[in-house]
Amino acid sequence: MTDLTASPRTDPLSLYRYRDGLYAVDLITAALQMDFFTWLASHPSSLQQICAHHGFSPRPVDVMMTLFATHGWVMQKDGVFHLSATGQEHLHSKSEWFLGPYYASLHDRPIARDYLEVLRTGKPAGWSGDKAAFDWHKAMEQEDFARSFTAAMDCRGRYLAQALAKSLDLKGRKKLLDIGAGSGIYACCIAAQHPHLQATVFDQAPVDRIAVKLIVERGCADRVRVTTGNMFEGLPLDCDVHLYSNVLHDWDVKEVRELLAISHASLPPGGLLIIHDAFIHADKTGPQHVAEYSCLLMHSTQGKCYSTGEYAELLVEAGFTPGDYQDTVVGRGFMVAVKN
Ligand SMILES: C[S@@+](CC[C@H](N)C(=O)[O-])C[C@H]1O[C@@H](n2cnc3c(N)ncnc32)[C@H](O)[C@@H]1O
């Protein structure tokens, strides 16, 4: 039986950071290719004005401007983005220190090209630029893709989940629902750390079958069960804790609102909702590595890394009282909220 309460002896931070931040350079390249910074210098603009002028969608522009703000290349004042001194000196095509040509050889990278399209359509590009796998939610219904994607989430979660489990206060709670659970690694680690708790892993086919096998292999099947379903069509009613781990970041605001409303309807009064994810600061000036990870999500899913402020607003709107954000490891953390 695997000891799911153990932590590794060494720190894998840089391995997570390379993978998470991979796409940021392509978004910077796409912006330079459009000479976006030179335009912004003479047109300080709100997010809406940037979208209206360039024919862009709000979600990718928000991710792009957050990335630039975390580097100090743009600054936001009263909702208007301005090019900073660094931006004027190194990103403006009329500056003697302009670095645009240094990035020109990257214009043909598939992900950089995708960004020109994602900015305009607001729709995700294919996973890793592969047009054949265009909609990864659909791809997750295919056995092979589901298996390799779930393996990726599982090995990432092996480290993140035990850290989350150790940080949670679940005294007096009875049953956790791990929504969009993948392999069930989070439910298993939380159950291992909190022996009084039962858990249900909730996902769709064929991920449910992959989860059953791994839960048995890990020796957790006595307290962790699997339920198959579509989270947008309702959730089991017998749980007093809901966990969304790396799930809401795959979806746009409309779907996040729907999921929070479904959770609210399914939890008892006083029920606990946990969002485990990578969070942007409320003022959207950091952390830089989360802004980089958000580029990857914006490119390949319908979501992004939301800020703590955005989540707090959505939680209040859905009828929850949000608590403070708490860090765990490798730029991840969680927010809890109690059903009013
Ligand atoms: C990014 S993975 C996160 C997995 C896991 N929670 C983690 O933190 O690693 C998103 C998961 O949501 C599941 N999912 C997507 N749409 C779903 C739906 N409509 N109903 C249930 N699960 C869904 C996917 O199958 C996938 O396992």
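At what angle do the axes of helix 13 and helix 15 cross? They cross at roughly 45 degrees, coming within 9 Å of each other. Keep in mind that what you're looking at is a predicted model. Here's a quick tour, starting with the whole chain and then zooming in on that helix pair and the ligand.

**The whole chain**
- Count up the secondary structure of the protein chain and you get 15 helices and 9 strands.
- The radius of gyration is 21 Å, close to the 20 Å that the globule rule gives for 340 residues, so the protein chain is as compact as a globular protein of that length.
- Taken along the principal axes, a box of roughly 65 × 40 × 40 Å is filled by the C-alpha atoms of the protein chain.

**Helix 13 and helix 15**
- To find the pair, look at residues 253-266 for helix 13 and residues 308-318 for helix 15.
- With an angle of roughly 45 degrees between their axes, the two helices are therefore oblique to each other.
- The crossing of helix 13 past helix 15 is right-handed.
- On the helix 13 side, the contact is made by V256, R257, L260, A261 and H264, and they meet L314, L315 and A318 in helix 15.
- Sorted by class, that contact of helix 13 with helix 15 has 6 nonpolar residues, 1 polar and 1 charged.

**Around the ligand**
- There are 18 residues around the ligand, and the ones that come nearest are M153, G180, G182, S245 and N246.
- The shell around the ligand splits by class into 8 nonpolar, 8 polar and 2 charged residues.

Terms used. Residues are numbered from 1 along each chain as its sequence is written. This is a predicted model: local features need pLDDT of at least 70, side-chain atom pairs count only at pLDDT 80 or more; totals for chains, interfaces and linings use all residues. Axes are lines fitted to C-alpha atoms, for helices over the stretch in contact, and angles run from 0 to 180 degrees between N-to-C directions. Helices (H or I, at least four residues) and strands (E, at least two) are DSSP runs, numbered from the N terminus. Angles under 35 degrees count as roughly parallel, over 145 as roughly antiparallel, 65 to 115 as roughly perpendicular and the rest as oblique. A crossing is left-handed if the near helix is turned anticlockwise from the far one by less than a right angle, and right-handed if clockwise. Two residues are in contact if their C-beta atoms, placed from the backbone, lie within 7 Å. Ala, Val, Leu, Ile, Met, Phe, Trp, Tyr, Cys and Pro count as nonpolar, Asp, Glu, Lys and Arg as charged, and the others, Gly among them, as polar. A residue is near a molecule or strand if its C-beta atom, placed from the backbone, lies within 6 Å of it. The radius of gyration is taken over C-alpha atoms; the globule rule is 2.2 Å times the number of residues to the power 0.38.
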